[in-house]
Amino acid sequence: MSFPRPDFTFNRPKSKNTYLLVSLGALFIALMSLTGYYTDWLWYKSVNAQNVYVTVLAWRIGLFVFFAAITGFIIWLNVYLAYKNRPMYASVTPDQVSLQRYREALDPIRKSVFIFGPILLGFLAGGSASAEWRNWIQRLNSVPFGVKDPQFGIDISFFIFDYPLYRNLVTFGISTIILSGLASGIIHYIYGGITLQSPGQKATKFAQSQISVLVALLFTLKAFAYWLDRFGLALKQDSLLVGLKYADVNAVLPAKSLMMYLSLIVAVLFIINAFRRQWFIPNIGIGALLITGILIGGVYTTVIQQFVVKPSEADKEAPYIQKSIESTRAAYGLADVEISDYAASTEPSSEIISQQTGTIEKIRLMDPALLSPTFNQLQQIRGFYSFADTLDIDRYAINGSNQGTIIAAREINLAGIPSAQRNWINSHLVYTHGFGVVTAKDNAVKIDGEPDFTTSDIPTKGSLKIAEPRIYFGENSPNYSIVGGAAGSDPRELDYPDDTSANGQANNTYAGTGGVAIGNFFNRALYALKYQEINIILSNLVNNDSKVLYYRDPGERVQRVAPWLTLDSDPYPAVIEGKIVWILDGYTSTNYYPYSTRTSLDSATADSVTQTSTALRTQAATSVNYVRNSVKATVDAYDGTVSIYAWDDTEPILKSWAKAFPGTVKPRSAMPAAVADHVRYPEDLFKIQREILSKYHVKDAGAFYGGQDFWVIPNDPTRPGVQSSQPPYYLQLQMPGDAQPVFSLTTTFAPTRRQTLASFMAVSSDPKNNYGKIRVLQLPRNTTIPGPTQVQNNFESDPDVSALLSLLRRGGSEVELGNLLSLPIGGGLLYVEPVYVRATAGDSYPLLRKVLASFGPNVVFEDNIEDAITALFGTSTGTAVVPANPETDSNPSPQIPSETGNAETDLANAISDMQKAVANGKKALAIGDFTAYGKAQKELEDALARAMDAQKRLNSASTIKITPASFVR
């Protein structure tokens, strides 16, 4: 029988030019890599975090080198020994005759294969090990949790710090042994150490001994894996619970222990076989191990589950369900949640209302998810500025009282620069920073529907005094900017538009401490290479005093300084002691907390706002079963200084990282009081907690098993096109029994198969008032109080509301529904929803025009919150509407005289005028006449008001007389 001779010839490079090109390519890659490492070092140095960079880099390099070396060496050693101990004369068998040709082809490149093969496999192992630096650092800096595992009686720090590392080591060891066995087995086979078709002995003595030793090591590691599997049962999750169940404790756990001992026995048998080379007894050991695994680990466990547990599962699993409930609540910070019954009457109590005027006065009308276009149109100033598409909520002291505030940073927006002016100089040397913040009251609106701004314009005017309004570090800052200049030199950075200046703008030269100096040629060359931009070297605008600002996003800066943190998706700006700073929340988390259920960060934190917003970060699809808001961080918007404070300095995971990176986390006592005044309870943590609490508010194991009391988070009914959860809302809320409103974060729950309200949940976001205290008002199970979805349906189906909404949607206008707020007021639930109207033409923006409100079965649709509360309760808020300008009448509901005396004719005329105004507006925008566009918008508003008045008169004529409470249903 003949075999074709394989062709193992290699084409050599045809010229020295090829070698030169390959060498230059390798040099360029190496240079780019080294440039990245060095510029990163310079950045860490600029934020005083060199120890973080050096520590992480040293660990990653060290782990890579160690595991690459040990893996490569073990594989090489086995291959070398297999080759060295090959038989001098291969047996004459058909397979060996065929392999002779392969041996002849392999011999010329054998040394290269023996060296570079293990090196390549070692690199793969080293890269995998390098990625596990967090586990190594945490294990070496572990601290006790002070909580004992209920099954094994050990501190749960073992599961969080030790278990993950041991698992990785076992996986690494088993992989290395298997690769070594495969590699040495191939060499034995090629060079005759193993002959599959030999009539006699099929392997040499050395091959048998080598394989026996490798198998012994494999079963030793497998025994360690079985030992770890016992603890892994505390992390096992199924549809009922996390952790050990009845069958696990009574069948699986003993089986794992038995398999561990049997694996050690098999390992000993193979060690003996390495000397005796009698395979019968070791094979019996393997067979016994397999049979034991099948019978005890499989069949016996199934019998226990089917015939002992299943007939009375609720009783058998009750103790284990209870462990899971208690561990889950502890892991997510829910052990101390205060749940109280709330009757939720459908008839408002005037006595209770009189005690909750604080909440009524501070009802939030401004929806931060909708107002970005309004802020942009009214406060953008120039096209190269912009605000985030989702604004932020905070509170500021005004006249001794906390005022809920919508706040937005006016950041630079390079996309707004006309294309003709887009060049390297403008993009990186001129348009370098944003300017100031804009704030508005969250519970007030001008008579024309615009926000009631409290801080605005450029230069900044208003209630907040900002000494340094420039924003060099923000969420929308350019990738990099080159700033700075010699003292006395002409400033070139555009600061803000200034009509008093000859060139129409004020310029600025950055004088902050942030950034990396690039005054010398070496640094310029490095950054020219980093950004692949030769102008950094050639431009005379880059001088000896220049600095480069990069990694400017607040979240990215904190993440680089503390790479072990998970950050909240919504950094927010605050004005603190005359400066703009970004405040961020950081979490420490793990997926190894025993008996605690898991949740995925991306799904738990998703809601209707995150689904549509580009300003909010999306959490990674990472599973966790323990999370704490352990740190608060700030980033100075001017100089980029990163400060990280321990918010929960008793948290064990934070303590372990603080040990590993001393000085990175400051104690809570170091946090300035002005910063503490503006911290919020983090929204992502609250969303995770509400998802967990929807099931784990049930503390009784029997009730949990039944699942009849579970809740769900209602979808946001104001965004019918987005099927996602209703977001939580920051509010000034006076909970029942409280003396005054507290800045809180709130949400609602519904029963699993009904659209009524199951409960209301709020957490204090005020560090001076029980910060972090979670309170739940639980409604009776037979309640008829509608939930958010049902309330929205009641709004839309009300005849008068439906008619007015249809009217608002006609004539070139769009209706946008604001956040549907749920408020425990008057012994029941008050729902409030602002209604915004915007033109469909041009760069329109939403303005608050109406307010929907509901209490029990009653629905009202009024011009403002004042009228809505009066219609529902017969009492006034005493707030809400302010004049649009000093000359404007402050009456919120002016009477509109009839033009013809006939409501139908008035309505038709008004609609016709609305259509004309929309057409005029389009024409004005087309020619860039913004004065005419503003006039058209005013005409549209006037026509809309006349149309609504005519529609009211028509409704009155056909149904009931219009009164302040005429829309009650």
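A pocket is an open set of grid points with protein on both sides within 12 Å along at least five of seven lines. Keep that in mind for the second largest pocket, which holds about 770 Å³ of space. The model on screen is predicted.

**Whole view**

The C-alpha atoms fill a box of roughly 115 × 80 × 60 Å along the principal axes. Colour by secondary structure: there are 28 helices and 33 strands. Of the 969 residues, 54% are buried.

**The second largest pocket**

Helices α5 (133–140), α6 (157–190), α17 (554–561) and α20 (652–660) each supply at least two lining residues. So do strands β16 (566–567), β18 (579–590) and β20 (623–624). Which element gives the largest share of the lining? It is α5, with four residues.

**Arg139 and Asp162**

Stay on α5 and show side chains. Arg139 meets Asp162 in a salt bridge, 3.0 Å from N to O. The pair links distant parts of the chain, with Arg139 in helix α5 and Asp162 in helix α6, 23 residues apart. Asp162 counts as buried because its relative accessibility is 13%, under the 20% cut-off.

**Arg680 and Asp570**

Next, select Arg680 and Asp570. Their side chains form a salt bridge at 3.4 Å, N to O. This is another link between distant parts of the chain, 110 residues apart. Arg680 sits in the loop between α21 (673–676) and α22 (683–696). Asp570 sits in the loop between β16 and β17 (572–576). Both ends are buried: Arg680 at 3% relative accessibility, Asp570 at 12%.

Go to Glu468 and Arg470. Their side chains meet in a salt bridge at 3.0 Å, N to O. Glu468 counts as buried at 19% relative accessibility. Arg470 is buried too, at 16%. Then pick Glu338, Asp738, Lys773 and Arg775, which are linked in a network of salt bridges. The count for the protein comes to 22 salt bridges.

**Strands β12 and β13**

Select 493–497 and 505–508. These are β12 and β13, paired in the antiparallel sense over four bridges. Find Pro497; its bridge partner in β13 is Gln505. Now look at the two sides of β13. Ala506 and Asn508 are on the covered face. Gln505 and Asn507 are on the uncovered one. Why this pattern? In a regular strand the side chains alternate between the two faces of the sheet.

Turn to the surface and select Ile291, Ile294, Leu295, Val299, Val303 and Phe307. Together they form a nonpolar patch with about 600 Å² of accessible area. Zoom in on Val303, in helix α9 (residues 280–309). Its relative accessible area is 37%, so Val303 is partly exposed.

**Asp315, last stop**

Select Asp315 in helix α10 (residues 313–331). Is Asp315 buried or exposed? It is exposed, because its relative accessible area is 64%, and the cut-off is over 50%.

Technical notes. Residues numbered from 1 in each chain as written. Predicted model: local features only at pLDDT ≥ 70, side-chain atom pairs only at ≥ 80, totals over all residues. Heavy atoms only, no water. Patch = residues over 30% accessible without salt bridge, like charges linked within 9 Å, V, L, I, M, F, W, Y side chains within 5 Å. Areas by Shrake-Rupley, 256 points an atom, 1.4 Å probe, with all protein chains shown as cover. Salt bridge = Lys/Arg side-chain N within 4 Å of Asp/Glu carboxyl O. Buried < 20%, exposed > 50% of the residue type's maximum accessible area, 1.4 Å probe, protein only. Pairing = 2+ DSSP bridges. 1 Å grid on protein atoms, 1.4 Å probe; cavity = no way out; pocket = protein on both sides within 12 Å on 5 of 7 lines; lining within 4 Å. Points joined across faces, edges and corners; volume = space filled by probe spheres on them.
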